[in-house]
Amino acid sequence: GRRAARNGYYLAHMLAHLPPETPVCLIGHSHGTRVVASALHLMAGGRVQGVAHPYARANGRKIRTVFVASALDHHWLNPGQKYGLALSNTECLLNMTNHRDPALFVYPFRIPLMVRPALGFVGLTRRDRQLLGWQSRKVFQYEVSRIVGVAHEWPAYFSSPCLATVMRNY
């Protein structure tokens with residue numbers, strides 16, 4: 001998880017070098033959503049693991065984002081949290097949740113005494129939406145447990161024509 005957050009720096013760096021008119025969609029799966037959230041947070045002027053990116057600014061670029069089986073604490077996108085600026089440059093975010101995913105089920109137990117469900121397991125809570133305010137309207141949650149069942153792996157999501165149809169708009 002720490003490496004994924006750190007790699008967001010490199011993604012932000014790459015995005016900073018794209019022409020501003022280039023449309024961008026970022027797709028992250030599991031810990032890959034940390035890379036994406038980290039990059040978006042850095043591009044909005046945030047810091048990740050004590051480091052800011054000197055040149056990574058979105059400059060008004062709107063980025064579409066897809067989170068699949070997201071291994072982020074559900075509240076990390078809230079203002080003042082770990083990736084609290086990530087939604088600033090996000091045009092829209094599709095968050096695919098699966099309440100039957102066994103990897104995300106055990107996710108909260110990685111740190112004893114700090115049980116915080118994953119965004120990919122519970123999605124944004126009512127409290128998260130309150131804290132996000134108007135930015136919560138950018139997030140569309142799509143429950144996929146009927147489609148992928150107890151799978152966590154990438155192919156379960158990306159081989160489904162139904163889920164491809166949902167993702168293509170992002």
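In which helix is Val106 found?

Analyst: Val106 belongs to helix α3, residues 102-106 (a DSSP run of H or I, at least four residues, numbered from the N terminus). Keep in mind that this is a predicted model, where local features need pLDDT of at least 70, side-chain atom pairs count only at pLDDT 80 or more, and totals for chains, interfaces and linings use all residues. Residues are numbered from 1 along each chain as its sequence is written, and side-chain values use heavy atoms, with hydrogens and water left out.

Val106 counts as partly exposed because its relative accessibility is 46% (between buried, under 20%, and exposed, over 50%, with a 1.4 Å probe and protein chains only).

For contrast, look at two loop residues. Ser30 sits in the loop between β1 (24-29) and α2 (32-43) (a strand is a DSSP run of E, at least two residues). Ser30 counts as buried, since its relative accessibility is 12%. Its phi is positive, near 55 degrees, though Ser30 is not a glycine. Ala69, in the loop between β4 (63-68) and β5 (90-97), also has a positive phi, near 50 degrees. At 0% relative accessibility, Ala69 counts as buried.
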